[in-house]
Amino acid sequence: MVSELVLITFFVTSLQLMVPILFASLGEILVERSGVLNVGIEGVMLIGAFTTALVGIESGSVGLALLAGFGSGLLCGVALSALYVRIGTDQVVTGLMFNILAIGLTSLLRDQLIGGQVGPILRGISVPGLSRVRFVGDVLAQQNALLWAGIALTPVVAVALYRTWWGLQVRAAGERPGALAASGYDVWRTRYAAVILGCGLSALGGTALVLSSSGGFVPNMVAGRGFIALGVVVLARWRPGIALLGAAVFGLAQSLQFLASQIDALAGVPRELWLAAPYVATIFVVVFSLQSRYPAAVGVPYKPGTASQH
Amino acid sequence: MEQPNPKPALALRGIWKRFGAVTANASIDLEVHSGEVHIVLGENGAGKSTLMNIAFGHMQPDAGEIEIEGRPTRLTSPADAIARGIGMVHQHFALVPAFTVAENVLLGSRSARAGMLDRKGIVDEVSEVSARFGVPVDPSAVVRDLPVDERQRVEILKALHRDARILILDEPTALLGVRQIAVLLEIIDRLRDDGRAIVLVTHKLGEVMEIADRVSVIRRGRKQVELARGEFDQQVLAKAMTGQLIVDDISRSAGRDEPEVVLECRDLTVPEPSSGPPVRGLNLRVRAGEVLGIAGVEGNGQRALIDGLTGSARCEGAIRLNGEDIANALPRRLRRCGVSIIPEDRQGRGLVPDMTLAENLALVDLLAPPDDAPRFVSWRRVRAEAKELLEAFDVRPPDPDLPASALSGGNQQKVVLARELSRRPRLVVADNPSWGLDVGAIGYVHRRLVAARNDGAAIVLVSHDLDELMKLSDRIIVVYRGEISLESSRADVSLDDIGLAMAGARR
């Protein structure tokens with residue numbers, strides 16, 4: 001009923017769509033584990049995507065474009081952590097404002113600087129051994145290095161958070177910053193590091209969007225994937241391994257529209273319904289993960305000097 | 001005891017600290033030597049915790065100096081204090097509830113550059129430290145699941161693991177039961193013999209008598225007096241602490257011959273209380289004008305009993321109030337039946353801290369208004385009535401427009417009493433009503449409860465404080481693992497009997 005080619009394309013698209021959400025989720029896990037909720041993740045991805053496209057077009061180098069995307073995320077992290085951590089603003093409102101700013105800023109700069117130009121993109125790389133396997137090989141042949149980088153990064157983030165002393169400190173900052181301070185550490189510094197690094201990773205989600213498609217930038221091209229990542233993080237209970245699965249599920253949900261368009265029986269269903277699928281799925285995920293426990297201090301700015309707050 | 005080192009391990013000199021218009025510390029001096037326990041005694045809000053937070057670098061003083069082993073030092077953060085050998089056991093423990101004991105103990109001991117965290121290795125390390133100092137903990141337990149006394153030992157161990165020579169304990173006994181306090185004092189005694197300098201903050205006189213080598217009394221931010229062992233007794237200390245002699249003037253009227261039974265529980269089972277274990281098949285009766293004291297080690301069903309009586313948890317069996325079944329009744333109905341509740345957690349369940357005193361006092365009426373109440377609230381009337389009540393219950397200041405959070409703990413509790421006792425309740429359920437209060441406020445709470453009893457209310461009093469139970473109760477029951485292990489009139493029971501029953505021995 002469905003041809004093999006359609007199925008291959010479906011999985012190829014799914015994997016491609018999974019990568020941005022994976023990077024965004026890994027970054028957000030770091031940020032939230034330290035006690036900060038970065039609602040501005042959408043804007044960080046958008047700025048990452050734009051910077052990647054701009055540098056790619058100007059330099060012609062994929063490597064520089066990728067580095068620039070990551071670097072722009074780190075800079076967003078510096079700005080956001082100054083607001084979230086140092087000044088202690090309301091994180092939800094600040095994040096939303098940052099998103100609005102990012103949409104406006106990237107759209108304006110696109111019109112001024114790059115318009116509809118396209119830059120270099122990452123080509124698919126063949127994996128020795130797997131490329132000969134029927135079906136799987138065909139799907140993977142289309143995937144670029146960012147998929148493998150994301151998959152490799154997942155256990156790295158997990159080990160950093162759960163198996164190192166640095167990770168213990170980050171998690172203490174997210175659970176009970178007062179205890180971290182009483183242990184002789186600087187809560188702010190711990191959170192700066194986590195927010196900056198996390199924003200860098202999240203921006204790579206935007207980079208992946210650009211380098212896996214045309215190499216150009218389209219206004220608002222992140223299209224809510226940052227918010228989907230916020231949902232994936234809750235669903236994954238702040239575990240990078242589960243976030244990988246979650247990102248895969250959302251990749252599949254996003255490419256449903258393509259699969260549906262190829263199946264005659266579903267021809268009557270409006271396309272918009274399929275487009276909405278990932279967002280509806282996000283809402284369901286958040287509703288059904290009510291019992292998952294946020295790190296206790298998420299969203300609460302820390303003020304030193306008061307002895308033992310929670 | 002050895003001759004103390006001439007240079008104090010820790011010396012605070014002329015410490016000043018102001019918060020807005022409030023002076024928390026006014027030129028306070030404090031010295032503690034190695035091998036010495038120096039107790040800082042004072043009522044709540046006297047400025048003890050501020051002083052300790054300054055000594056641990058949480059706060060900086062506005063003026064004054066800190067010397068460690070004779071060297072002037074500035075402590076700009078806890079990290080500075082830790083580096084100079086100070087350890088602190090916080091009143092509200094500075095532990096990460098989601099982490100294991102081992103992770104908490106070692107959190108401060110390793111820098112982020114220490115690399116990988118060896119889960120088994122740290123458990124072994126903490127076991128070893130626990131054994132070496134004789135401070136028993138389970139290194140692989142998660143702190144969230146531990147009882148308060150064990151959490152406290154984790155904090156002590158955390159300081160010892162970093163070899164703190166100076167140990168600050170902020171109100172360490174506030175949350176503990178009698179037996180747990182004895183264990184803690186034993187540990188402190190050993191640490192003193194080990195040559196550490198210990199500063200212990202408390203508002204309880206008993207501890208001072210037991211372990212202090214030296215005591216400084218602080219009142220309203222000023223040091224009143226400093227006395228060495230042998231120079232103080234309870235009377236002198238209480239007077240210095242409160243500025244007045246406390247007279248124990250509780251007068252209980254003789255009970256009537258056969259007063260009616262107000263509360264009767266038959267076969268009461270509360271399977272899922274809000275915390276702690278369930279109670280099963282409890283039978284009890286409280287008559288008008290009687291105080292039933294309930295003793296027991298924390299976590300033996302007291303919580304379940306209170307949850308059942310106050311409609312906070314589903315229960316089976318019968319609860320009758322003057323013959324009417326009130327099992328599983330909603331709070332609104334309980335209020336209408338004349339049940340008053342004095343919860344343990346006065347800032348969480350007793351009061352709404354951000355609302356004004358007038359609003360807090362009116363809350364119960366809004367929930368269960370008298371039948372003739374007008375449809376709309378007249379705030380003018382509410383405030384006028386509140387003003388009267390606040391004055392009648394000696395709340396300071398008696399300003400109905402202040403938020404509850406602006407009052408001291410003792411005055412907050414007086415507001416709760418004003419609301420709960422001014423309506424001539426038939427039954428009062430009081431859960432550790434004097435918890436965390438200072439001597440003066442405790443005396444007030446006791447007098448008010450006895451006055452309610454003399455007026456004919458039936459009172460169920462749950463308390464960790466055996467002295468309080470012995471003082472106020474007409475009858476005492478002891479709960480052990482959700483069942484009654486002892487029931488007796490107060491006159492016929494000794495503290496030893498109660499202690500044995502609390503440990504599970506049946507007579």
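This is a predicted model: local features need pLDDT of at least 70, side-chain atom pairs count only at pLDDT 80 or more; totals for chains, interfaces and linings use all residues.
I take a salt bridge to be a side-chain nitrogen of Lys or Arg within 4 Å of a carboxyl oxygen of Asp or Glu. Residues are numbered from 1 along each chain as its sequence is written, chains are lettered from A and ligands numbered from 1 in the order in which they are written, and side-chain values use heavy atoms, with hydrogens and water left out.

**Entry 1: the interface**

On the chain B side, helix H2 (78-83), helix H3 (101-107) and helix H4 (119-133) each supply at least two residues that touch chain A; helices (H or I, at least four residues) and strands (E, at least two) are DSSP runs, numbered from the N terminus.

Counting contacts (heavy atoms within 4.5 Å), I noted 33 residues of chain B against 25 residues of chain A. The two chains bury about 2,500 Å² between them, with 64% of it on carbon and sulfur atoms; buried area here is the accessible area (1.4 Å probe) that two parts lose on being put together, summed over both.

**Entry 2: helix H3 of chain A**

I then followed helix H3 of chain A, which covers residues 62-87, has 26 residues and reaches 37 Å from its first C-alpha to its last, close to the 38 Å expected at 1.5 Å a residue. That expected span is 1.5 Å times one less than the number of residues.

Ser61(A) caps the N-terminal end of H3(A), with a side-chain oxygen 3.3 Å from the backbone nitrogen of Gly63(A). After H3(A) comes Gly88(A), whose phi is positive, near 75 degrees.

The buried residues of H3(A) include Ala65(A), Gly69(A), Gly73(A), Cys76(A), Leu80(A) and Ser81(A). I call a residue buried under 20% relative accessible area, exposed over 50%, and partly exposed in between (1.4 Å probe, protein chains only). The buried residues of H3(A) pack against helix H2 (41-59), helix H4 (91-114) and helix H9 (187-211) of chain A.

**Entry 3: salt bridges within the chains**

Over all chains the count comes to 35 salt bridges. In one of them, the side chains of Glu175(A) and Arg33(A) meet at 3.6 Å, N to O. Glu175(A) lies in helix H7 (residues 165-175) and Arg33(A) in helix H1 (residues 4-33) of chain A, so the pair ties together parts that are 142 residues apart in sequence. Both Glu175(A) and Arg33(A) are buried.

In chain B, Glu420(B) and Arg419(B) form a salt bridge at 3.1 Å, N to O; Glu420(B) is buried at 0% relative accessible area, and Arg419(B) is buried at 6%. I also noted that salt bridges with shared partners join Glu36(B), Arg214(B), Lys223(B) and Glu226(B) into one network.

Arg396(B) and Asp394(B) form another salt bridge, at 3.2 Å, N to O. Arg396(B) counts as exposed at 54% relative accessibility, whereas Asp394(B) is partly exposed at 29%.

**Entry 4: backbone details**

The peptide bond from Arg396(B) to Pro397(B) is cis, with omega near -5 degrees, and Pro397(B) is found in the loop between helix H13 (379-392) and helix H14 (409-421) of chain B.

I also checked residues other than glycine for positive phi. Asn220(A) has phi near 55 degrees, sits in the loop between H9 and helix H10 (225-235) of chain A, and is partly exposed at 34%. Glu171(B) has a positive phi of about 45 degrees and lies in the loop between strand E7 (166-170) and helix H6 (178-193) of chain B, where Glu171(B) counts as buried at 6% relative accessibility.

Conventions: A polar contact is a pair of N or O atoms within 3.5 Å; within protein, one must be able to donate a hydrogen and the other to accept it, and residues adjacent in sequence count only if both atoms are side-chain atoms.
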